[in-house]
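Here is a short briefing on a sheet, its pairings and some aromatic contacts. Look over the sequence and the model first.

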Amino acid sequence: MVTALLGALFTLGTTAAMASDAHAPAAAPKAPASHAAPAEAPKPADAGHGTPAASKAPETLSPSIHPLRRPAIHTATAVHKPAASHSRPASSHKPAASHGKAKAHTSAAAGHGDAHDDGHGHDSETGKVQNLVKAMLAANTNYMKRNNSSYFDKFASKQTPRATVVTCADSRVQSNAFHPDAVNDLFMVRNIGNQLATSEGSIEYGVRHLNTPLLMFIGHAVCGAVAAASGDFSKLERPIQKELLTINIPKGINVNEGVLMNVNNQVESAMLKFGGEVESGKLAVIGAFYDFRNDYKQGKGKLIITNINGETDPAKLAALTKAGNFFNAATGMSAAPAGGH
């Protein structure tokens with residue numbers, strides 16, 4: 001009897017324990033519920049990026065140098081209009097397109113990364129860079145071989161340039177087109193549109209700290225910055241817009257006429273800024289046009305002087321250039337004493 005009772009109690013306890021264990025996992029599914037919360041978080045598109053920046057009207061950015069009156073442009077021949085490919089700046093190519101085929105570039109580089117005939121290979125970005133860096137290092141080695149130690153000793157401790165030269169950053173405009181060796185002779189300043197306003201500090205350093213007696217602004221044929229400034233550039237990146245805003249030319253103007261007007265504007269702005277140096281005969285301000293397309297029929301690569309201290313008449317410019325009178329040409333004051341280099 002006792003044995004039967006103990007057996008019944010044992011069976012009942014075992015059944016209860018099994019029932020308890022069978023129900024215990026029922027609470028387990030609640031644990032993952034804490035991981036479902038992130039699904040409710042707002043997507044990045046809702047965090048203030050709903051309206052594209054391009055749809056907003058561009059802000060008016062105040063230039064550091066105010067627009068000045070535009071001097072008359074005198075040209076002897078008609079200007080060839082730029083090709084359609086120059087009417088829009090290169091930034092119209094969307095960067096996203098180049099990143100969408102990264103694997104294709106990688107595979108192409110594997111097969112074409114070795115040799116390109118002139119360093120301008122188009123097989124891959126990797127090949128282009130490899131060849132360019134190789135060519136630059138080789139050119140530097142040859143440069144070192146051509147110039148001995150005494151060549152570098154002349155400017156190792158101090159620079160003594162004779163001119164501050166402002167050119168467009170365009171890769172087709174380089175100092176070797178108008179100077180045999182610009183080292184320690186030309187204090188070069190480059191920006192889009194060969195402007196004073198966007199490189200004012202660099203130009204002032206050249207004129208007032210390096211005491212260069214010549215300040216020269218060089219524009220060039222079919223300038224992309226001028227073409228952009230003469231059209232609608234509201235969709236370009238804001239830093240580019242800011243630099244184009246200080247190119248004060250009429251909308252729709254022929255690109256080369258715009259280049260000449262822009263050069264004249266730069267000369268006039270510089271004469272106002274450095275008026276003391278100009279009036280005392282210590283600084284000549286010259287504007288020029290680099291014609292690598294022969295648009296003005298004086299030969300491909302011709303550097304044409306278009307402005308001497310505000311004078312833009314072609315006949316007078318020719319006479320002043322022939323006489324070597326580059327100081328105070330517009331005012332008729334005497335030239336500054338010649339200096340050595």
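Leucine 215 has valine 285 in strand 4 as its bridge partner. Strand 3 and strand 4 pair in the parallel sense, over seven bridges. Two strands count as paired if DSSP finds at least two bridges between them. The model is predicted: local features need pLDDT of at least 70, side-chain atom pairs count only at pLDDT 80 or more, and totals for chains, interfaces and linings use all residues. Residues are numbered from 1 along each chain as its sequence is written, and side-chain values use heavy atoms, with hydrogens and water left out.

- The open sheet has five strands in the order 2-1-3-4-5, with mixed pairing. Its edge strands are strand 2 (186–191) and strand 5 (302–308), each pairing on one side only.
- From one strand to the next, the twist averages 25°.
- Strands (E, at least two residues) and helices (H or I, at least four) are DSSP runs, numbered from the N terminus.

**Other strand pairings**

- Strand 1 (residues 163–168) pairs with strand 2 in the parallel sense over six bridges. The bridge partner of cysteine 168 is asparagine 191 in strand 2.
- Helix 9 (residues 255–273) packs on the sheet and touches strand 3 (214–220), strand 4 (284–291) and strand 5. Contact means heavy atoms within 4.5 Å.
- The direction of helix 9 makes about 165° with that of strand 4. Axes are lines fitted to C-alpha atoms, for helices over the stretch in contact, and angles run from 0 to 180 degrees between N-to-C directions.
- Strand 4 and strand 5 pair in the antiparallel sense over six bridges. Tyrosine 290 stands opposite leucine 303 in strand 5.

**Burial of strand 4**

- Eight of the eight residues of strand 4 are buried. Buried means under 20% relative accessible area, exposed over 50%, and partly exposed in between (1.4 Å probe, protein chains only).
- Both faces are covered: Ala284, Ile286, Ala288 and Tyr290 lie on one side, and Val285, Gly287, Phe289 and Asp291 on the other.

**Aromatic pairs**

- The structure holds eight aromatic pairs. The ring centres of tyrosine 151 and phenylalanine 155 are 5.6 Å apart and the planes stand at 90°, so this pair is edge-to-face.
- Tyrosine 290 and phenylalanine 292 are also an edge-to-face pair, at 5.7 Å centre to centre and 65° between the planes.
- Rings of Phe, Tyr and Trp (its six-membered ring) pair if their centres lie within 6.5 Å; planes under 30 degrees apart count as stacked, over 60 as edge-to-face, and the rest as tilted.
- Tyr143, Tyr151, Phe152 and Phe155 form one aromatic cluster.
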